[in-house]
Structures are given as C-alpha cells and as structure tokens.
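Thanks for coming, everyone. I'll walk you through one chain today, so please take a look at it first.

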Amino acid sequence: MAKRPRPHKLIERHETVRSALRQVLREGPLTARELSARVGISEKEVSGHLEHLARSLKHSGERLRVEPAQCLVCAFVFKERTRLTKPSKCPACRSERVDPPRFVILT
Ligand SMILES: [Zn+2]
C-alpha cells in the first residue's frame, strides 16, 4: 500500500481512533452507532475507519467480521452488501426498519 503524505496531527488522531476501535471491536459485535459512542467519533466516520481497519487487520491474522443488516419487518438479510454503512431501505418489502450491521474482530 502506497503511503501518502498527510498532516501530522491528522495521522495521530486517526491512529488513536483506530487503535481504540480495534480494542472495542474485540468486545463486539457492535453497531456503527455503538462504536461511534464508545470511541468518540461520529457515526458517519465509523465506516471509513472500519474499511481501513479491515485491510490492515489482514496482516495481523485477525479479521473483521460483519454480521449483516437485517430487515425487522420481513427478515430479509443484506448478505450481498459490501458497504459497511447501514442500508436505508429493505429491497424486499421497502421497509425502513432495518437492523444495522454489527462488527466484531475475530482473532
Ligand atoms: Zn423487508
């Protein structure tokens, strides 16, 4: 992976957030909302950090497991979804009552 130069403070903050996320994720499974509350970042920021974390974990023999989102109305499971954010609508019944995906680090 190519390293892009970044401002120093930003790197420090990202590293801190990611190592905190890593610790919390070992106690998972947790939703993006729960992760954001524990680590002190916004829910929106969580998926970006998770994607980065999933890639960097491969080198350490751990992996990020995603328990897929599920529709609370018809029980449709979002198995094929690769994005880590919460889907807004169920493709089967159009309900917006979707149980968000949960994340956990497996060692
Ligand atoms: Zn549904």
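**Contacts, fold and zinc site**

Let's start with contacts, meaning heavy atoms within 4.5 Å. Among contacts in this chain between residues at least 6 apart in sequence, 55% join residues at least 24 apart.

Some ground rules. This is a predicted model: local features need pLDDT of at least 70, side-chain atom pairs count only at pLDDT 80 or more, and totals for chains, interfaces and linings use all residues. Residues are numbered from 1 along each chain as its sequence is written, and side-chain values use heavy atoms, with hydrogens and water left out.

Now the fold. The chain has 3 helices and 5 strands. Those are DSSP runs, numbered from the N terminus: helices are H or I with at least four residues, strands are E with at least two. Along the sequence the pattern reads α-β-α-α-β-β-β-β. Of the 107 residues, 32% count as buried. Buried means under 20% relative accessible area, exposed means over 50%, and partly exposed is in between, with a 1.4 Å probe and protein chains only.

Next, the sheet. What is the strand order in the open sheet? It is β1-β5-β2, with antiparallel pairing. β1 (30-31) and β2 (63-67) stand at the edges, each with a single partner strand, so one side of each has no neighbour in the sheet. Two strands pair if DSSP finds at least two bridges between them. β1 and β5 (residues 102-106) pair over 2 bridges. Leu 30 stands opposite Phe 103 in β5. Helix α3 (residues 43-57) lies across β2 and β5, and runs at about 135 degrees to β2. For that angle, axes are lines fitted to C-alpha atoms, for helices over the stretch in contact, and angles run from 0 to 180 degrees between N-to-C directions.

On to the core. A nonpolar core is a set of buried Ala, Val, Leu, Ile, Met, Phe, Trp, Tyr and Cys residues joined through side-chain atoms within 4.5 Å. The largest one has 17 residues. Leu 25, Leu 35, Leu 50, Leu 64 and Phe 103 have the most contacts inside it. α1 (8-26), α2 (32-39), α3 and β5 each supply at least two of its residues. There is a second, separate core of 5 residues, including Cys 71 and Cys 90. Hold on to those two cysteines.

Look at Leu 84. It sits in the loop between β3 and β4. Leu 84 is buried, at 11% relative accessibility. Its contacts include Leu 50, Val 66 and Phe 103. Leu 84 and Leu 50 are 34 residues apart in sequence, but 7.7 Å apart in space, C-alpha to C-alpha.

Last stop, the metal. Which residues coordinate the zinc ion? Cys 71, Cys 74, Cys 90 and Cys 93, each through SG, at 2.3 to 2.4 Å. Donors here are N, O and S atoms within 2.8 Å of the metal (3.2 Å for Na, K and Ca); water is not among the atoms, so sites may look incomplete. The spacing along the chain is C-x2-C-x15-C-x2-C. Cys 71 lies in β3 (residues 70-71) and Cys 90 in the loop between β3 and β4 (98-99), so the pair ties together parts 19 residues apart in sequence. Cys 71 is buried at 3%, and Cys 90 is buried at 0%.

Definitions and conventions:
Lists of a residue's contacts leave out its neighbours within four places in sequence.
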